[in-house]
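I opened this model to look up its sheets, its ligand site and a few single residues. My entries are below, in the order I made them.

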Amino acid sequence: MRYETAGESHGRALVAVITGVPAGLPVDLDAIDEDLARRQRGYGRGGRQAIEQDRAVALAGIRGGRALGSPIALTIANRDWENWTDVMSPGAGAGGAEVTAVRPGHADLPGCLKTGATDARDILERASARETAARVAAGGIAKALLRTAGVRVRSLVTRIGAASMAEPIDLGGIDHAAVEASDVRCPDPEVAQRMREAIDAARAAGESLGGVFVVHAEGLVPGLGGYATAAERLDARLAAAISSVPAIKGVEFGDGFALAAVPGSAAHDEILYEEGRGFVRPTNHAGGLEGGMTNGERLVVRAAMKPIPTLMRPLRSVDIRTREPVDASRERSDVCAVPAAAVVAEAEVAFVLADAYCAKFGADCVDDLSAALAAYRERIR
Ligand code: EPS
């Protein structure tokens with residue numbers, strides 16, 4: 001399974017094209033819309049989310065609630081387009097709302113240098129995290145496939161700025177309903193309140209805030225991915241997918257960087273065998289990944305998001321045209337989008353996992369995939 005997106009933040013619409021989806025896969029567009037709504041939520045979001053009510057419209061590849069096996073095309077309208085037609089219309093003569101005071105931390109400067117643009121709007125319209133709505137829609141197709149395989153991908157936010165949950169976090173004991181009900185995706189009400197206060201303080205100071213989220217997946221069979229070639233290694237593919245989410249600066253699996261400080265006996269997960277359950281591990285330091293493959297335990301991926309680069313109290317910059325010092329440009333933006341990024345990362349993780357299921361069990365027909373998966377489960381008991 002592969003996806004590609006198109007669309008500018010204030011253009012007419014976003015588009016996602018997903019290929020390699022097994023024929024017959026049940027696709028619930030309402031579930032995709034719910035994920036789009038989850039991405040829009042979050043304490044600390046800016047004015048744009050009040051304008052948009054993201055919904056996926058299927059243009060191709062789905063018939064009667066099932067994938068045809070042909071490329072799936074999904075589109076999400078930008079309601080804000082109505083306010084930007086003079087600036088963003090593809091027709092000759094459109095323009096204005098130019099940005100030359102490039103923002104530190106955004107794609108503005110390297111994007112202009114790379115492409116020769118002298119208006120950072122040509123860059124930022126695409127580099128905007130608005131594009132991640134299309135990724136969430138694409139990830140919805142992956143989640144549909146994972147549902148048939150008994151896999152559930154979830155996320156929570158563990159840190160916003162200085163407000164953090166106590167470690168270690170028991171992912172098996174997480175109240176998922178509390179995460180979904182929380183506007184910061186944090187199940188601990190006391191920490192969630194401190195997160196909100198941190199966001200309020202950042203907003204008042206013209207600042208922005210980053211944080212940490214965890215994406216985890218249950219129900220995975222062992223042996224997804226591969227040890228034999230670099231391209232098959234699932235941790236490498238997951239790291240690439242999550243790092244591709246705007247503003248992600250760090251990714252770790254399981255105990256991650258903390259494993260560097262402990263001896264081997266405290267780092268690895270002993271192997272036990274239980275009749276009926278098969279191979280089990282009393283611990284999960286590895287985060288469900290060994291040798292570039294799933295090992296059947298919960299997949300645990302943690303990522304760090306930097307603070308959003310658009311600051312109402314701007315940093316020093318240079319005008320891209322005059323090379324004169326200026327304050328960086330200010331645009332409507334979010335103060336904190338960590339809860340949204342967690343939902344986007346769910347989609348990215350789901351896509352990598354769904355692709356790994358297709359690679360191992362077949363991508364032509366969903367019933368063949370299910371039969372191959374059942375046979376595999378039986379063999380490895
Ligand atoms: C976003 C939409 C954008 C921003 C934000 C995320 O909409 P607008 O630019 O119209 O306010 O709110 O984008 C960024 C943080 C960014 O760096 O570009 C969204 O839908 O997620």
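**Entry 1, the model.** I am working from a predicted model, not an experimental one.

**Entry 2, the five-stranded sheet.** I traced an open sheet of five strands, ordered β8-β7-β9-β15-β10, with antiparallel pairing. The edges are β8 (163–164) and β10 (248–253). Each has a single partner strand, so one side of each is left without a neighbour in the sheet. I then followed β10 to its partner, β15 (residues 299–305), and found five bridges in the antiparallel sense. Within this pairing, phenylalanine 253 has valine 301 of β15 as its bridge partner. I also looked for a helix against this sheet. Helix α11 (residues 338–361) lies across β7 (152–160), β9 (211–218) and β15, and runs at about 145° to β7.

For β3 I checked the pairing with β6 (residues 72–77), which is antiparallel and runs over three bridges. Valine 57 stands opposite threonine 75 of β6.

Which residues are closest to the ligand? I listed 13 residues around the ligand, the closest being His10, Arg39, Arg48, Gln49 and Arg332. An N or O atom in the side chain of arginine 45 is 3.2 Å from a ligand oxygen. Taken alone, the ligand exposes 470 Å², and the protein buries 93% of that.

I went back to arginine 45, which lies in the loop between α1 (29–40) and α2 (48–51). Is arginine 45 buried or exposed? Arginine 45 has a relative accessible area of 12%, and buried means under 20%, so arginine 45 counts as buried. Its side chain makes a polar contact of 2.8 Å with the side chain of aspartate 334. Not counting residues up to four places away in sequence, arginine 45 touches Arg39, Gln40, Arg203, Asp334, Cys336, Ala337 and Ala340.

I placed histidine 216 in strand β9. Its relative accessibility is 3%, so histidine 216 is buried. What does the side chain of histidine 216 make a polar contact with? The partner is the side chain of arginine 298, at 3.0 Å. Leaving aside neighbours within four places in sequence, the contacts of histidine 216 include Arg152, Val153, Leu171, His176 and Leu299.

I found glycine 7 in the loop between β1 and β2 (13–19). Glycine 7 is buried, with a relative accessible area of 13%. Beyond its neighbours within four places in sequence, glycine 7 is in contact with Ala13, Leu14 and Arg126. I also noted that the C-alpha atoms of glycine 7 and alanine 134 are 8.6 Å apart, although 127 residues separate the two along the chain.

Methods. Residues numbered from 1 in each chain as written. Predicted model: local features only at pLDDT ≥ 70, side-chain atom pairs only at ≥ 80, totals over all residues. Heavy atoms only, no water. Pairing = 2+ DSSP bridges. Helix = DSSP H or I, 4+ residues; strand = E, 2+ residues; numbered from the N terminus. Contact = heavy atoms within 4.5 Å. Axes fitted to C-alpha atoms, helices over the stretch in contact; angles between N-to-C directions. Near = heavy atom within 4 Å. Polar contact = N/O pair within 3.5 Å; in protein donor to acceptor, adjacent residues only side chain to side chain. Areas by Shrake-Rupley, 256 points an atom, 1.4 Å probe, with all protein chains shown as cover. Buried < 20%, exposed > 50% of the residue type's maximum accessible area, 1.4 Å probe, protein only.
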